[in-house]
Amino acid sequence: MTVLLDSTDLDGLVGRAELIDAVRAAFLDLARGLAEQPAPQSLPGAGDTQFLPMTATSHRLGLSVVKVMSDAPANRAAGQSAQRSTVLVLDARTGERLAILDGEVGTRMRTAAASAVATDALARPDARVLGLVGAGRLAVEHVHALREVRGIDTVHVWSRTAATVRAFRHAVDGLLDVIEAPGPRQVTEAADILCTLTPARHPVVSGQWFRPGLHVNAVGAPPRPDHREIDATGMARATVVVDSTATQLAKSGEALLSIEEGATLPQTFGRELGAVLAGTTPGRQLPSDITLFNSVGIALEDLAYAAVAIARTRIPDRFSTERRLPAEVAP
């Protein structure tokens with residue numbers, strides 16, 4: 001039987017703390033050879049629309065996913081979402097179709113969960129001030145997720161749209177102090193932890209604004225090699241940690257454009273978050289280091305979310321997130 005979960009079913013189904021744990025485990029699996037995460041290839045649609053089939057397998061969970069993400073920038077003019085996605089979950093051994101999930105809720109939550117995992121691994125332990133460039137639903141989700149790993153008590157936020165900031169303030173009312181900033185520079189200069197959450201094509205944040213000790217989560221730009229939120233100076237100044245090197249060098253404008261401009265090299269993007277978590281690659285080494293998690297999102301994060309969501313349905317035993325490893329990959 002295939003489990004079908006739409007956005008209404010998924011809203012509130014997965015707890016943030018358990019999702020952060022699941023995403024952390026997925027990155028560790030990737031570092032330890034217990035997961036497969038190939039770089040995706042784009043499929044042109046009509047006009048400026050692109051489709052991105054994203055795939056991953058977890059040997060530990062015995063699951064494979066295919067997520068089809070559409071990026072349709074023209075939708076914004078009609079007041080519609082620019083990104084839509086659907087996640088197909090398969091038994092990794094038999095190929096049986098287990099579940100189909102609407103991707104909207106999961107994408108937002110797993111993106112923030114990945115930022116939380118990176119923040120926990122890379123930000124200074126005493127980080128308290130959050131900066132958000134972008135104030136939409138992904139910004140609200142980041143407030144909740146990052147408060148799971150750091151004692152954040154103040155957020156500086158900027159958006160091009162005043163109404164978006166008002167909605168953000170209402171959504172986080174009572175959680176922390178909210179300071180509306182006049183621009184991205186003021187957000188960046190105030191923050192201990194900075195999250196860029198915009199679908200920008202051209203940089204909205206300059207690396208010249210980075211203060212010693214800052215941690216950045218650059219997660220807003222779509223997986224298009226001509227889009228970026230952080231300029232080449234920022235990429236060159238930071239210790240960069242990525243979700244997947246192969247994906248970065250195929251789809252990240254932050255990576256590809258900074259390499260093209262001569263500010264970085266391909267090996268700048270060779271430090272994966274899973275290896276940092278596993279202790280095989282260094283992350284932050286000094287309090288004054290500037291660290292930057294660069295992510296366009298990977299299907300393994302969607303798999304982690306889907307596994308937890310399915311385990312919360314009416315047939316949890318079938319989809320336990322503690323499934324045994326197949327013999328060929330067991331430690």
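**Figure 1. Glu189, at 34% relative accessibility, counts as partly exposed (from 20% to 50% relative accessible area; buried is under 20%, exposed over 50%; 1.4 Å probe, protein chains only).** This is a predicted model, in which local features need pLDDT of at least 70 and side-chain atom pairs count only at pLDDT 80 or more, while totals for chains, interfaces and linings use all residues. Residues are numbered from 1 along each chain as its sequence is written, and side-chain values use heavy atoms, with hydrogens and water left out. The side chain of Glu189 forms a salt bridge with that of Arg185, at 2.8 Å from N to O (a side-chain nitrogen of Lys or Arg within 4 Å of a carboxyl oxygen of Asp or Glu). Helices (H or I, at least four residues) and strands (E, at least two) are DSSP runs numbered from the N terminus.

**Figure 2. A salt bridge joins the side chains of Asp21 and Arg24, with an N to O distance of 3.1 Å.** Asp21 is partly exposed, its relative accessible area being 47%. A search of the whole structure finds 18 salt bridges.

**Figure 3. Glu180 and Arg169 meet through their side chains in a salt bridge of 3.2 Å, N to O.** This pair links distant parts of the chain, with Glu180 in strand β10 (residues 177-180) and Arg169 in helix α5 (residues 162-171), eleven residues apart. Both ends are partly exposed: Glu180 has a relative accessibility of 47%, and Arg169 has one of 34%.

**Figure 4. The largest pocket holds about 1,200 Å³ of space.** Of the 43 residues that line this pocket, Ser81, Gln83, Leu138, Leu197 and Pro199 are the closest to its centre. A pocket is an open set of points on a 1 Å grid where a 1.4 Å probe fits, with protein on both sides within 12 Å along at least five of seven lines; lining residues have an atom within 4 Å of a point. At least two lining residues come from each of β5 (63-71), β6 (83-91), α3 (103-122) and α4 (137-146). Helix α3 supplies the largest share of the lining, eight residues. By class, the lining comprises 15 nonpolar, 17 polar and eleven charged residues.

**Figure 5. Leu43, Phe51 and Val68 make a nonpolar surface patch of about 230 Å².** Patch members have over 30% relative accessible area and no salt bridge, with nonpolar side chains joined within 5 Å and like charges within 9 Å. Phe51 is located in strand β4 (residues 50-58). With a relative accessible area of 32%, Phe51 is partly exposed.

**Figure 6. Arg84 is placed in strand β6.** This residue is partly exposed, at 44% relative accessibility. Arg84 and Ile152 stand 68 residues apart along the chain, and 31 Å separates their C-alpha atoms.

Note on methods. Areas by Shrake-Rupley, 256 points an atom, 1.4 Å probe, with all protein chains shown as cover. Points joined across faces, edges and corners; volume = space filled by probe spheres on them. Nonpolar A, V, L, I, M, F, W, Y, C, P; charged D, E, K, R; others polar.
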